[in-house]
Amino acid sequence: MSTPATHLDGNVLAGPLSEVFAVDVTAAERHCAHCGDHGAFARLRVYTDGPGLVVRCPGCEVLVLRLVRTPRGLVLDLGGTGCITLPVDD
Amino acid sequence: MNLITRGFHGRRGGDPTRIPPGQYETHDFPVLTVGPTPRVDTDTWTFTITTETGARHTWTWEQLLALPQESPHTDIHCVTRWSKLDTDWTGVSLDTLLEDVETTAEYALAHSHGGYTTDLPLQDLTDGQAWIAHTFDGHPLDPEHGGPARLLVPHLYFWKSAKWISGLTLLDEDEPGFWEQAGYHDYGDPWREQRYRGD
Ligand SMILES: [Zn+2]
């Protein structure tokens with residue numbers, strides 16, 4: 001049992017993830033392997049107050065991604081809890 | 001706005017014998033979250049130490065409170081660069097909890113309600129260096145700060161002081177926890193600025 005803590009929506013990921021992906025991930029869609037939630041990245045819950053960015057599913061709070069900037073590079077963990085569909089130009 | 005390197009802003013400097021390098025003193029108690037705050041009922045709360053052989057030692061909330069209580073007065077240092085001096089806690093020393101635990105393990109992985117983990121050498125949890133803390137500043141620990149009980153290991157960066165602690169697994173080999181997997185330091189000594197792996 002839990003109550004939502006302070007989090008932001010997925011739109012705040014546009015800046016940090018533009019360093020990782022060539023496409024705009026906030027236009028991406030995610031399908032949750034854990035709870036079946038399906039929807040836009042903008043709906044994700046983003047926790048920004050910790051030592052790194054933590055992004056969770058709005059349906060089940062499972063870890064979607066972690067991003068940490070270290071002196072040796074960006075560490076990106078995609079969590080493995082669902083599929084992300086990224087928009088691309090044909 | 002750079003969300004990844006964003007820190008808390010406050011007074012720089014302070015007593016260099018008490019504020020580690022790269023830290024500033026805050027008088028607030030910032031809340032760091034990696035997810036929703038678990039609401040853990042003390043009626044069903046347990047703390048379990050599992051040894052490397054699989055032996056389990058479990059305490060209920062009542063049993064924890066019946067053990068000898070200690071009141072550490074200490075400074076805490078968060079890797080997001082704030083340090084808070086002269087904090088007062090009450091809890092049970094890990095020395096007390098480990099007294100009857102037979103182990104030759106060298107590492108511990110702390111587990112929390114909500115799925116958080118962090119790893120530490122077992123020797124950093126003994127000799128009066130670590131507690132299961134349930135009271136802060138004379139009041140029951142707020143859920144936002146890890147209540148009903150959190151690990152308190154003040155000589156390491158505060159991410160090692162796992163909130164909402166549910167147990168420790170004792171291990172022969174080190175196993176990286178939540179932030180350690182994502183590039184943070186396995187040990188995390190604030191006086192040596194061990195923030196990231198390789199520091
Ligand atoms: Zn989900």
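**Close-up views of a predicted two-chain model**

**View 1. The loop of chain B that holds B:Pro148 contains a cis peptide bond.** B:Pro148 belongs to the loop that connects strand S10 (139-140) with strand S11 (150-152) of chain B, where helices (H or I, at least four residues) and strands (E, at least two) are DSSP runs numbered from the N terminus. The peptide bond leading from B:Gly147 into B:Pro148 is cis, and its omega is near 15°. This is a predicted model, in which local features need pLDDT of at least 70 and side-chain atom pairs count only at pLDDT 80 or more, whereas totals for chains, interfaces and linings use all residues. Residues are numbered from 1 along each chain as its sequence is written, chains are lettered from A and ligands numbered from 1 in the order in which they are written, and side-chain values use heavy atoms, with hydrogens and water left out.

View 2. For four tetrahedral donors the ideal angle at a metal is 109.5 degrees. Because A:Cys35 sits in the loop between strand S3 (29-32) and strand S4 (38-40) of chain A, and A:Cys60 in the loop between strand S6 (53-56) and strand S7 (63-70) of chain A, the pair ties together parts that are 25 residues apart in sequence.

**View 3. An open sheet of 5 strands lies in chain A.** Its order is S2-S5-S6-S7-S8, with antiparallel pairing, two strands being counted as paired if DSSP finds at least two bridges between them. Strand S2 (8-9) and strand S8 (73-77) of chain A each have a single partner strand and stand at the edges, so one side of each lacks a neighbour in the sheet. S7(A) and S8(A) are joined in the antiparallel sense over 5 bridges, and A:Arg66 has A:Asp77 in S8(A) as its bridge partner.

**View 4. The largest nonpolar core has 42 residues.** A nonpolar core is a set of buried Ala, Val, Leu, Ile, Met, Phe, Trp, Tyr and Cys residues joined through side-chain atoms within 4.5 Å, and buried means under 20% relative accessible area, exposed over 50% and partly exposed in between (1.4 Å probe, protein chains only). The residues with the most contacts inside this core are B:Leu125, B:Ile132, B:Leu151 and B:Trp179. Among the elements that give two or more residues to the core are S7 of chain A and, in chain B, helix H1 (61-66) and strand S12 (165-171). A second, separate core of 15 residues includes A:Leu13, A:Ala28, A:Leu44 and A:Leu65.

**View 5. B:Arg81 and B:Trp164 have positive phi values.** B:Arg81, with phi near 90°, is located in the loop between strand S5 (73-77) and strand S6 (82-93) of chain B, and its relative accessible area of 33% makes it partly exposed. B:Trp164, with phi near 50°, is placed in the loop between S11 and S12 of chain B, and B:Trp164 is buried at a relative accessible area of 8%.
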